[in-house]
Amino acid sequence: MNDLQSQLLPTLKRYWGYTSFRPLQEEIILEVLEGRDVFALLPTGGGKSMCFQLPALVGNGLTVVVSPLIALMKDQVDALKSIGVFATFLNSSLDAAEGRARLRGLYNREYRLLYVAPERLLLPGFLDEAQKWGIQLIAIDEAHCISEWGHDFRPEYRKIAQLRSSFPEVPMMALTATATGRVRGDIIRLLGLRDPRTFVASFNRPNLSYRVVPKRSAYAQVLDYVRSRSRDSGIVYCQSRKATESVAENLQRDGISARAYHAGLSAEDRSRNQELFLRDEVRVVCATIAFGMGINKPNVRFVIHHDVPKNLESYYQETGRAGRDGLPGECLLLYSGADAARLQVFISQKADPAEQATARAQLRQMMDYAETASCRRASLLDYFGEEFPATNCGACDNCLNPRVSQDATLQVQKFLSCVFRVQERSGFPVGMNHLVEVLMGADTEKIRRWGHETLSTYGIGRETGKAEWTELGRELIRRGLLEQTTDRFPVIQMTSEGRAFLQQKKTLAWVKPLTNSSLESGGRRSGDLEYDEVLFERLRLRRKRLADEAGVPSFIVFADTALRWMARQYPRTAAEFLQIPGVGENKLRLYGDALLEEIAIHLTDQRRRSFDEPTEGSRTPVAPGDGLNETSRESLRRFRSGQSIAEVARDRGLSEGTIAGHLVKAVESGESIDLERVLSSAEQEEIATAYGRHGWDNVGGIRDTLKGRFTYGVLSLFRAIRRPGRGSDGTSKLPRV
């Protein structure tokens, strides 16, 4: 073991570019290498994948990863290939010929990792054939899917237990990001884990902030929020398919590149929309809460819940898709009691009374979270049985802007008295809405039928609004003075604590419900990193071009975290570049020259600007040709000699997008380009109109608007040349300094 343990950190650095493990990773890896079964509960972004990927490189044999997320397998395999690891996947997306080719590779022991869907794993004869592949470890990802008490139960997962009888000597690892104690027990029992070593990390995601705002005009609130984060990717979760499509269409109309994602779309449409999002061609995806997304996109900076989720576990899982790279992420919930009421209707349609009661209790917990005045982080962690040690997390709305507590004793007395008098007169308890109507002196058929207009508590709360009375009633339930049944038509009853409150004339302070719908946030988030924002943008654009050339999402090339460290450290040599967190040997070989070049150009520009000493707010034009490297200059020379972009790309063995990127750099360096050689006058007019309507910073949205008829590179070149402030040939109209 000492031999294997000594290999862990060098392997981590060589392939992933990191010099230390995240919490619990090393301990889990060592247990697996010892041949023991493991149950690991690590939060989203906590590095679950490393727990089976690194053992696959240190050990001997094949690691099989069972995952229900077919759409993600390609990205996970692409990410491994980008760091030099031989990996593959088998699922229904492959045609027969490709599937056979990969099976041959498995028989020939060419791969270290195999990702496989549970359905494929259990095809007749598959497990018998797998005996010949030298399997050393079986990892069950998203293991909560095996429990019907999990938030994403999948019946096919129950059959995975066959793996234990087929591979009795192979260690098995179960991994999940979210599971209550009951679900954890189910996972261990149903998978047949043998005396597993159990690891449960903190559920706390310190880089995430949490906010709840009253839902007023939902779409306008979403639009304002997304516009205020013009370069960030995010997810908007909605209750219904119709809502996802409506929000996505409206965002598109208002110049935000967005797509819908739900179970009602064809597999082709879902796949395309997800791919656009992963590749940063689309900035916002609107998804149904029920269907979820299961995306592996580390740079999601915000998650908005357009509607209230059905339970806290789903909410935690969905908000966890923000900030997977460890950088700050924001989680915003637009909350209204009407949304909760709609969910109550859906719950009442369940056939099983026990399921109804469970669903109502879960919704009640979700509403308590949304309505609480205390720390939201502490509330979330408490749900998973974890205590948050601080009194102020500094990253939720209630901690950043505490609401003032006030004496509510008189209102509480009125409410409790009303509950008592109504039940005394009728002989049975009633629901929240009826109690509030009695307090407010409403004239309804039920009030007249039961004679409640004659009660001493009838109309004693006219000075307070319905929403505030309802919120106070919920607060009294949370505090144990009242209790609400979980029947189809839940009713309110007083508890012994409520009777004691009235009899002993106790007092109660209460924080009134939220009234502010502002979406402004404040406070520095854990994981925030100061960096050169101008250089970061240059690196981000260069990364996008590299990713397009390779046919992979941008984060496969480098995560935002790595780019921010580059924009902070300014590496100038390969050795310095290799010291950046997230830069391994293979990525240095593949992408190092390109990004080091970008950093060098940026530093040259900075030095030139410092010599020119421009006044604040002025722009210093760059002399023609300045900042162009040899490869960009060669593309420019060939284009000027009469070759088209396609011809230059073919002759140089590069993509058309890369050549267009070279020409963009030439324009930005002050060179003139004849746009008529690329686009006709009519096409230029069409593109100019689209940019005028949607803004000059939304190339992906323009491409979508124009139905994909123009490439990203051509649209970027048009923007570089025709953007306001430039001449028709791309040269700056500003006077030289």
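Let's start with a pair of strands: S8 (residues 208-214) and S13 run parallel, joined by seven bridges. Strands here are DSSP runs of E, at least two residues, and helices are runs of H or I, at least four residues, numbered from the N terminus. Two strands pair if DSSP finds at least two bridges between them.

A word on the source. This is a predicted model, where local features need pLDDT of at least 70, side-chain atom pairs count only at pLDDT 80 or more, and totals for chains, interfaces and linings use all residues. Residues are numbered from 1 along each chain as its sequence is written, and side-chain values use heavy atoms, leaving out hydrogens and water.

Back to S13. Tyr-210 sits opposite Cys-331 in S13. Strand S12 (residues 300-305) also runs parallel to S13, with four bridges. There, His-305 faces Leu-333. From S12 the chain passes through helix H13 (residues 312-319) to S13, a right-handed β-α-β crossover. Right-handed means this: with the strands pointing away from you, the path from the first strand over the helix to the second runs clockwise.

How many residues of S13 are buried? Seven of seven, across residues 329-335. Buried means under 20% relative accessible area, with exposed over 50% and partly exposed in between (1.4 Å probe, protein chains only). One side holds Gly-329, Cys-331, Leu-333 and Tyr-335. The other holds Glu-330, Leu-332 and Leu-334.

Last stop: helix H33 (residues 712-722). Nine of its eleven residues are buried, so the rest of the structure largely encloses H33. Among them are Val-714, Phe-718 and Arg-719.
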